Amino acid sequence: MPVSKCPKKSESLWKGWDRKAQKNGLRRQVYAVNGDYYVGEWKDNMKHGKGTQVWKKNGAIYEGDWKFGKRDGYGTLSLPDQQTGKCRKVYSGWWKGDKKSGYGIQFFGPKEYYEGEWCGSQRSGWGRMYYSNGDIYEGQWENDKPNGDGMLRLKNGNRYEGCWERGMKNGPGRFFHLDHGQLFEGFWVDNMAKCGTMIDFGRDEAPEPTQFPIPEVKILDPDGVLAQALAMFKKTEEGD
């Protein structure tokens, strides 16, 4: 009895091409139409795992973790230096959903950088900022500005300890004038001291002490007077 054999159905060419085009696992350079390219791991046609992305327009380079097409995990962002032409690291730390999130270090210049917490690519939480002029701020941040409790230490050694709001001294705080040997304690509004008390503090060790010491205050209840002044000031602010 004759045996008939059915020929195997051949796969359509487009199906084979489509299967080969699917990006999964480790791939070499994959270019975009605008000239950007990526080298690293993929999953379901999305950057996922370890990889390096290079942007042609500004020369930025990201090396680190990816999750479903976005920077997520630990990674480093570098930009070309206009003076040297070489790439310099501008951020090294954690990312979430393509934004800086968690602990990281941002370099703003050769002598200016921030180390601390981030949220949504903004400084948020605890952090320390080193400014190019030698000043250092350490404390709480919100919306990319000092906000909450913090200390600003100036290059000459003087420092402010107290409350901040919107990047300015706001609320109760103390300013140590260590160069003159004095301490001011009071209340600030938008970087302006509105009321408070000044006393001698380390005057004998100060490099440039005041000519005369501050005389002793003779008010019977200085704390009560200060509290009354603060209450009046806050009441005026609420009325405005």
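The exercises below concern surface and pocket features of a predicted model.

**Exercise 1.** Find which elements give two or more residues to the lining of the largest pocket, and how the lining divides by class.

Solution. 
1. The space in the largest pocket comes to about 390 Å³.
2. Its lining has 20 residues, and E185, T197, P222, D223 and L226 are the closest to the centre.
3. Two or more lining residues come from each of β13 (168–177), β14 (182–189), β15 (192–200) and α2 (222–239).
4. The element that gives the most is α2, with 6 residues.
5. By class, the lining has 13 nonpolar, 3 polar and 4 charged residues.

**Exercise 2.** Describe the lining of the second largest pocket.

Solution. 
1. The volume of this pocket is about 150 Å³.
2. Its lining is formed by D81, Q83, R88, K89, F107, F108, G109 and P110.
3. The division by class is 3 nonpolar, 2 polar and 3 charged.

**Exercise 3.** Locate N45 and D144, and state whether each is buried, partly exposed or exposed.

Solution. 
1. N45 lies in the loop between β2 (37–43) and β3 (46–54). Though not a glycine, N45 has a positive phi of about 70 degrees.
2. D144 sits in the loop between β10 (136–142) and β11 (145–153). D144 is not a glycine either, and its phi is positive, about 70 degrees.
3. Because its relative accessibility is 27%, D144 counts as partly exposed.

Conventions
Residues numbered from 1 in each chain as written. Predicted model: local features only at pLDDT ≥ 70, side-chain atom pairs only at ≥ 80, totals over all residues. Heavy atoms only, no water. Helix = DSSP H or I, 4+ residues; strand = E, 2+ residues; numbered from the N terminus. Buried < 20%, exposed > 50% of the residue type's maximum accessible area, 1.4 Å probe, protein only. 1 Å grid on protein atoms, 1.4 Å probe; cavity = no way out; pocket = protein on both sides within 12 Å on 5 of 7 lines; lining within 4 Å. Points joined across faces, edges and corners; volume = space filled by probe spheres on them. Nonpolar A, V, L, I, M, F, W, Y, C, P; charged D, E, K, R; others polar.
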